[in-house]
Amino acid sequence: MQGKLDAATLTERLAGTNLPADPRLVDVPTSTFGWPRDLVADIASELKPAGVLIPLFERDQGLTVLLTERSAELKHHAGQIAFPGGRMEPDDGDIAATALRETREEVGIAPERVSIAGYLEPMPTVTGYAVTPVIGFVDSSTAVIIDRTEVSATFEVPLEFLMDESNQRRGVRHYRGRELPLIEFHYGGYRIWGATAHMLIQFRKVIFEQ
């Protein structure tokens, strides 16, 4: 961990980030945890744009990150830990609008309750999406109202825990007959892995490796 993180510090360090010119384009060489380049290139060949919000709350104990546990009934990533978000629709003005709309639909946080602080670069998922993470501060008085068809639960994790490299673990997943390395976090009985863990690590790099 490299210094105390507060809203002012994060806002300053995210000030140089921007919405992607094309939310479908991902950086293939650096968008995975050492996955084979040919596999990533195949996944990234025809991606659909999607956006997620990394929602930050200012609590008495410091900044926290809101995460969701996806419904077990969903077709993709059922039961996994994720940020609120989803695919871009034709009426969305940009990928930030996608993230905010999906956040309202999944956890009841209205766009006007979110102050966008910055963005991460789009990254590919094995389900065929280029996901742009949007980082935003949520008014601390905002109530979370879950859409049970998409989300089974929400929980908050201290940002400092997720930004501390000593709290991450290494693991593997099997995909298309290959054993692929991954990084995960364990907090409060939840396992945070896959694209969600990847986004958190990219977030850390933006904040601390300027």
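This is a predicted model: local features need pLDDT of at least 70, side-chain atom pairs count only at pLDDT 80 or more; totals for chains, interfaces and linings use all residues.
A residue counts as partly exposed when its relative accessible area falls between the limits for buried, under 20%, and exposed, over 50%. Phe155, at a relative accessible area of 10%, is buried.

These two residues form an aromatic pair. The arrangement is stacked, with the ring centres 3.8 Å apart and an angle of 0° between the planes. Phe155 belongs to strand β8, which covers residues 151-158, and Tyr190 belongs to strand β11, which covers residues 190-192. The pair therefore ties together parts that lie 35 residues apart in sequence. In total, the structure contains 2 aromatic pairs.

Aromatic rings also take part in contacts with charged side chains. The charged end of Arg191 is placed over the ring of Trp193, at 4.5 Å from the ring centre. Over the ring of Tyr129 sits the charged end of Lys48, at a distance of 4.8 Å from the centre.

For the protein chain as a whole, the secondary structure consists of 5 helices and 11 strands. The chain has 210 residues, of which 50% are buried. Among contacts with a separation of 6 or more, 65% involve residues 24 or more positions apart.

Methods
Residues are numbered from 1 along each chain as its sequence is written. Side-chain values use heavy atoms; hydrogens and water are left out. Rings of Phe, Tyr and Trp (its six-membered ring) pair if their centres lie within 6.5 Å; planes under 30 degrees apart count as stacked, over 60 as edge-to-face and the rest as tilted. Helices (H or I, at least four residues) and strands (E, at least two) are DSSP runs, numbered from the N terminus. Buried means under 20% relative accessible area, exposed over 50%, partly exposed in between (1.4 Å probe, protein chains only). A charge sits over a ring if NZ of Lys or CZ of Arg is within 6 Å of the ring centre and within 35 degrees of the ring normal. Contact means heavy atoms within 4.5 Å.
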